[in-house]
Amino acid sequence: MKEIVKELRSAVLATAALSIVCCGLYPAVVYGLAQTLFPRKANGSLISDASGAVRGSHLLGQSFTSERYFHSRPSSAGNGYDAANSSGSNLGPTSQKLADAIAQNVADYRAQNGLSTNQPVPADAVTASASGLDPHISPANASLQLGRVARARGLKPTQVEELVAKFTEGPDWGVLGDPGVNVVELNLALDRLAKTPLIKTASIP
Amino acid sequence: MKTFDAVQLALFVGVLTLLTKPIGLFLLRVLDPRGKTWLGPVVGPIERLTYRVLGVDPTAQQNWKEYSLSLLAFSLVSCAFTYAVLRLQHYLPLNPQAFPPMTEHLAFNTAVSFTTNTNWQSYVGEATLSYFSQMVGLTLHNFTSAAVGIAIAAALVRGLTAHSIQTLGNFWVDLIRINYYLLVPISVVYALFLVSQGVVQNFSPYTHAKLTEPFTIQIPLLDTNGVAVTTNIVVMAQTPRIGTDGKPELKGGKPALEDVPLRDAKGEIVHTNLPVMVDQKIEEQVIAQGPVASQAAIKMLGTNGGGFMNANAAHPFENPTPLSNFVQMVSIFAIASGLTYYLGRLSGNQAHGWAVWSAMLILFLIGTLVCWWAEARGNPIHQALGVAVDGGNMEGKEVRFGVFNSALFATVTTDASCGAVNSMHDSFTALGGLVPLFNMQLGEVVFGGVGAGLYGMLVFVVLGVFIAGLMVGRTPEYLGKKIQAFEVKMAMLALLILTLSTLGFTAWASVSSWGLAGLNNSGPHGFTEIFYAYSSANANNGSAFAGLTANTPWYNITLGIAMLIGRFWMVIPILAMAGSLARKRIAPPSNGTFPVTGFTFVTLLIGTVLLVGALNYLPGLALGPVVEHFLNGQTQLF
């Protein structure tokens, strides 16, 4: 019994000591160094516009529906791209709900981008990401949307192509991971382009 | 399957191989109480001060019972501490989002989960936990549960390799040294690397970003008490009017009708109970922040796996780039891999260390190839709907990681007892999802959790040499020590209790209303969600088929119990085995000794692991992912 009391006493003190070192000192040191060395990244890689308003994060996707913008992937985070509620759909391979959603997404995607009814649609365009905040779409997905965006904005496809290429990221070191087009950065850059007369502005449902 | 994918796999295996020896050598110094490291001049004084505060004599040695007692005392106290932090977070600092305390059952589940190195998450991190709860309540265990795992592995190896002694080391010294010399220093550098990739590290309130394209959603209307307003209209039904004479009244020759409230079988008036919806315009994106980097680093290094955010390592703030992803995967295996070198060094048989390592690597490669193939192949049902075949299965995966890095991460995180995820395992194809599930059921001995992987694998080694001994009719020996009834009993106890707990809880939940209520999927996939949950809890993994809504009292408590069984029913028999082995003499090898190196041994070890896993779990797997795979091929949906 005396032994147990002694061990419990050591346990309480060890919990206290390790809390101070691992949960006080350690995160504080990382915080100090991170804020000094990488302040932008440590605070969320935020994107601000000319007026200084925060418009999003380089790392987090947002929802876009207008034909003037590149569309992000479907999202299951909250009501869509809720960056305080990350989540995937967690629907399995034999889920009726998932199959219905994909069928709907495929039909919408083809209609929006003028594809024929038997043309395969890139997998990332019709499936929800793991975080619900995926900032990227695949280059194949971007190239299918490119014509629509260029038309809606009255831009030459080559102008849009250049921007897409500019915001295509990865693979790291040429081998790691898959390439992706950063949708939020790309759309903000499109808005910054010299205002050309719009052909039409109606948004699609 | 793309070419670059194979290059990435080769790179991963290459880096892991190169790291094994240096980490093993460093572990050798950390786990020796008198070992010197280059951190000594800085950390040494803090280390000695800590022993004084704890009232611990660092030169004192403990036998297996004393070692176990210290371990249990520390686990109990630190678990209670975290429970208190989670229940009191509204009184504690660093809570800019003003989150309320966790409920009792959720706090129990979470505290147990982190104490046992499981890090199962029944909660949504960014919507439930204050920065203090994350940084202190949870991160404490990211460090200590990892250190405890390494300490147990070290105690077992000491017992195996020592000659006729009673003691296994000193728990407190192991705990402190592993944290001070190994985990904390590496984590500082690692966390800074993660920040350089984009992982956040701040204490700011959540950021409000102005959306480029606002949108409108419908939300339920709430009254002043926060309760959803429902329509609450009485449903009326037309019935014949009964006159004063008790007979139906007639009107124009037909029964006259009147509207009366509809009543249910109990005679209660039926109301429509539809929630009243109102439009809400979403003009902002609220962005969760926090001290993520410091937690993400140790969660990987210590094979904890509990994410700061709900989406864990799939969240761009926890794992922003393919490079950060690569390093995170390597760091899950790094210490476990180094421990095999430590085993080789201490046993004076480096080839034995590499033999164990090779068995692990082969099991890892088998899992990776199956999972990768299944995910790259995609889902025939979705492909019939028009999804391009070359993209593979992208549901629940991030573009920057793609199919290969998602499959590799899923295999790594379940080979080890990490449980962090960079893709949603619930949305994997049937066979792709079978791999992480079966990995956990094998006991996470493929590199495994820090420490836990090695001591788990040594249980299989003991079993393997026992089986080999039976085959040739000799008393089995391992590293010159006779493996006798006690050791085999302890090994079997550890294995059988885990199986019983996993299968028992799964069966119970599968036939209970509380178990079925949490399902997000139906059919065999629903069963797999439950099976995965209890396999994960018992294996102290913590990854999930996350569609399962596990934040209910029943699930939180049963999963918590499963985690406790998975940790301590494994640890105590192993320490008992270590104590028994330590007392034995080392017999010199004879020509009847079964060699613990080379092809035969590696094959025997892999065979033992797979055989035990298959015997225990194949019937369950047949009901879940296997049957789902065949139904998927026949486009059967649920």
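Colleague: Start with B:R158. Buried or exposed?

Modeller: Buried, at 14% relative accessibility. Bear in mind that this is a predicted model.

Colleague: Which residue does B:R158 form a salt bridge with?

Modeller: B:D174. The closest N and O atoms are 2.9 Å apart. The pair links distant parts of the chain, with B:R158 in helix α6 and B:D174 in helix α7 of chain B. They sit 16 residues apart.

Colleague: And is B:D174 buried or exposed?

Modeller: Buried, at 3% relative accessibility.

Colleague: Switching topic. How many salt bridges over all chains?

Modeller: The search of the whole structure gives 11.

Colleague: What about B:K584, which side chain does that one meet?

Modeller: B:E487, at 3.0 Å from N to O. B:K584 lies in the loop between α18 and α19 of chain B, and B:E487 in helix α15, so the bridge ties together parts that are 97 residues apart in sequence.

Colleague: Is B:E487 buried or exposed?

Modeller: Buried, with a relative accessible area of 1%. B:K584 counts as buried too, at 12%.

Colleague: Now B:R87 and B:E104. What's the N to O distance?

Modeller: 3.8 Å, and the contact is a salt bridge. B:R87 is in helix α3 (residues 64-87) and B:E104 in helix α4 (residues 104-115), so this pair joins parts 17 residues apart in sequence.

Colleague: What relative accessible area does B:R87 have?

Modeller: 26%, so B:R87 is partly exposed. B:E104 is also partly exposed, at 47%.

Terms used. Residues numbered from 1 in each chain as written. Chains lettered and ligands numbered in written order. Predicted model: local features only at pLDDT ≥ 70, side-chain atom pairs only at ≥ 80, totals over all residues. Heavy atoms only, no water. Salt bridge = Lys/Arg side-chain N within 4 Å of Asp/Glu carboxyl O. Helix = DSSP H or I, 4+ residues; strand = E, 2+ residues; numbered from the N terminus. Buried < 20%, exposed > 50% of the residue type's maximum accessible area, 1.4 Å probe, protein only.
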